[in-house]
Amino acid sequence: MRIDDKIAAGQTFSFEIFPPKGDMPLETAYRVASEMADDRPDWISVTYSAGGSGNSANTVPIAASIERDLGVTALAHLTCLGSTRADVDAYVAELAGAGIENVLALRGDRRPGREAIDFAHASDLIAHLRASGSGLCVGAACYPEGHVESPSERESFESLYKKQEAGADYLVTQLFFDNEDFYRFREKCLRHRVRLPIVAGIMPFTSVNQIQRMAFTCGASIPAKVVKRLVLAGDDPADQARAGVEYACEQLEDLAANGVDGLHVYSMNKPSVAHAAREALLACGYLEA
């Protein structure tokens, strides 16, 4: 089922997983997806070579397994930086062959040796997918605190508007740690003529190092209340991770109470995180048992 249809039918709940890299077996991803499917998400997204890990070959097989074996809608990521039109068309054909009709169109991270060929921006990829007649439901990323490469708020929203006009069906936010940033962003979208549904993406912090890395790479600010949680958690990694999940669940509950179009959990391949998020949303009435 198309994700835009799911969003139109009501508030959604979804997870993200990333394909294994290095020596991690592909079966691990299947197991993680299977455990997450038990929490009945509206969809599970599968990343595409996240952070330059070179794991993109596993995206379609995992997404296909989610659709075929688990009966859950899959959202396959697609990054375009460094790709040709022929590369993208081949990937789209692979998606069609696997019965996948949802894709998240992304530019991808810049890194040495990965320069623009036929696509400089995600909006270029979205326009190509529309022009190709693929029939895919196309999601796009958005950034509540602005894209790290955008020199101004105006340019950040101009880029977002281009994604909308190119044919994106909905938006999924990058992580944020202060819900007020999301609410301000949602209001500003309307002022900048961006009227697509917005799914709020939440990632629990698991450690001091992780949250510092995320803040640097994603441009997400770290509010004082998060710092205090980490200080109170102390030096024990398990206590830090527990504090992060608890804080994320509080974010989800607050967002649910404020009428979001959907909630998306960056689960970091941890079924326990996905399950905790579902339990929190059951408790506040966002989800039904």
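Reader: Which residue of S7 is the bridge partner of leucine 171?

Author: The partner of leucine 171 is isoleucine 198 in S7. The model is a predicted one, in which local features need pLDDT of at least 70 and side-chain atom pairs count only at pLDDT 80 or more, while totals for chains, interfaces and linings use all residues. Residues are numbered from 1 along each chain as its sequence is written, and side-chain values use heavy atoms, with hydrogens and water left out.

Reader: What makes S6 and S7 a pair of strands?

Author: Strands (E, at least two residues) and helices (H or I, at least four) are DSSP runs, numbered from the N terminus, and two strands pair if DSSP finds at least two bridges between them. S6 and S7 are joined in the parallel sense over 2 bridges, so the pair meets that criterion.

Reader: Which strand is joined to S7 by 4 bridges?

Author: That strand is S8 (residues 262–266), which runs parallel to S7, and alanine 200 has leucine 263 of S8 as its bridge partner.

Reader: Why is strand S5 described as largely enclosed?

Author: A residue is buried under 20% relative accessible area, exposed over 50% and partly exposed in between (1.4 Å probe, protein chains only). In S5 (residues 137–142), 6 of the 6 residues are buried, so the strand is largely enclosed by the rest of the structure. Cys137, Gly139 and Ala141 point one way from S5, Val138, Ala140 and Cys142 point the other way, and all are buried. S5 is joined to the parallel strand S4 (residues 102–106) by 4 bridges, with asparagine 102 partnered by cysteine 137. S5 also pairs in the parallel sense with S6 (residues 170–173) over 4 bridges, where alanine 140 stands opposite leucine 171. The chain crosses from S5 to S6 through helix H6 (residues 153–166), and this β-α-β crossover is right-handed.

Reader: What makes a void a cavity, and how many cavities of 30 Å³ or more are found?

Author: On a 1 Å grid over the protein atoms alone, a cavity is a set of points where a 1.4 Å probe fits but cannot get out, whereas a pocket is an open set with protein on both sides within 12 Å along at least five of seven lines; lining residues have an atom within 4 Å of a point. The search finds 1 cavity of 30 Å³ or more. The largest cavity has a volume of about 50 Å³, and its lining includes Tyr143, Gln174 and Cys218.

Methods: Grid points are joined across faces, edges and corners, and a volume is the space filled by probe spheres set on the points. A crossover is right-handed if, with the strands pointing away from the viewer, the path from the first strand over the helix to the second runs clockwise.
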